[in-house]
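Have a look at the model first.

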Amino acid sequence: MGDKLENINPKLYKKIDERQITAEDEDEGIVDEFDAREIFDMIRNINDPEHPLTLEELNVVEQNLIEIDNKANIVHVKFTPTIPHCSMATLIGLSIRVQLLRVLPSRFKVSVEITPGTHISETAVNKQLADKERVAAALENNHLLEVINQCVDIKF
């Protein structure tokens, strides 16, 4: 969160329409499994650390890059940084991971990674995001946690 922006003029994308709530969605008698759209709705409004824009508006997160396996309780999210040398990629990945860990039932295993071929350091960033101990250590850093909390300050 320095004074100099890496991507001064990011390309903006149109937000997708809000999910329409059906009578089945509100019926408490029907088992409603999580789907990619529901996971997308949980992360689409995360704020970018550099711009006053959401990850959806920057096309960093997309519904079609989310996989969910309800039987195995696995959520896998790929995200695409706006530029190939984005220094905020780890912070964005941490924000996505933290948001999902906060809102999903604890039975879910969450993995977050950079979309293949979209970042010059994708292997290193993916390794950091997959390392539970490194993620836990990062979240013990009060300054970093404050920045993540600002990113995930979502109003539903």
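In this predicted model, helix α3 (residues 89–103) and helix α4 (residues 122–130) have axes that come within 10 Å and cross at roughly 30°. Axes here are lines fitted to C-alpha atoms, for helices over the stretch in contact, with angles from 0 to 180 degrees between N-to-C directions.

**α3 with α4**
- On the α3 side, Ala89, Thr90, Gly93, Leu94 and Arg97 make the contact, and on the α4 side Val125, Gln128 and Leu129 do; contact means heavy atoms within 4.5 Å.
- Sorted by class, the contact of α3 with α4 has four nonpolar, three polar and one charged residues. Nonpolar covers Ala, Val, Leu, Ile, Met, Phe, Trp, Tyr, Cys and Pro, charged covers Asp, Glu, Lys and Arg, and the others, Gly among them, are polar.

**α2 with α3**
- Helix α2 (residues 36–43) and α3 have axes that come within 9 Å and cross at roughly 115°, which makes α2 roughly perpendicular to α3.
- α2 also passes α3 in a right-handed crossing.
- Ile39, Met42 and Ile43 of α2 meet Ile96, Gln99, Leu100 and Val103 of α3.
- That contact of α2 with α3 has six nonpolar, one polar and no charged residues.

**α3 with α6**
- α3 packs against helix α6 (residues 142–151) at an angle of about 70°, with the axes 9 Å apart, so α3 and α6 are roughly perpendicular to each other.
- From α3, the contact uses Leu91, Leu94, Ser95, Val98 and Arg102, and from α6 it uses Leu144, Leu145, Val147, Ile148, Asn149 and Cys151.
- The tally for α3 with α6 is eight nonpolar, two polar and one charged residues.

**Positive phi**
- Most residues other than glycine have a negative phi, and most peptide bonds are trans.
- Asn59 has a phi near 65°, a positive value in a residue other than glycine, and lies in the loop between α2 and β1 (66–69).
- Asn59 is partly exposed, with a relative accessible area of 23%; buried means under 20%, exposed over 50%, and partly exposed in between (1.4 Å probe, protein chains only).
- Asn73 has a positive phi too, near 60°, and is found in the loop between β1 and β2 (74–79).
- At 18% relative accessibility, Asn73 counts as buried.

**Overall picture**
- The protein has six helices and three strands, and from the N terminus on they run α-α-β-β-α-β-α-α-α. Helices (H or I, at least four residues) and strands (E, at least two) are DSSP runs, numbered from the N terminus.
- Of the 156 residues, 43% count as buried.
- Among contacts with a separation of 6 or more, 68% are between residues 24 or more positions apart.
- The accessible surface is about 9,400 Å², with 50% belonging to carbon and sulfur atoms; areas come from the Shrake-Rupley method with a 1.4 Å probe, and for residues only the protein chains shown count as cover.

- Residues are numbered from 1 along each chain as its sequence is written, and side-chain values use heavy atoms, with hydrogens and water left out.
- Since the model is predicted, local features need pLDDT of at least 70 and side-chain atom pairs count only at pLDDT 80 or more, while totals for chains, interfaces and linings use all residues.

Definitions and conventions:
Parallel < 35°, antiparallel > 145°, perpendicular 65-115°, else oblique. Left-handed = near helix turned anticlockwise from the far one by under 90°.
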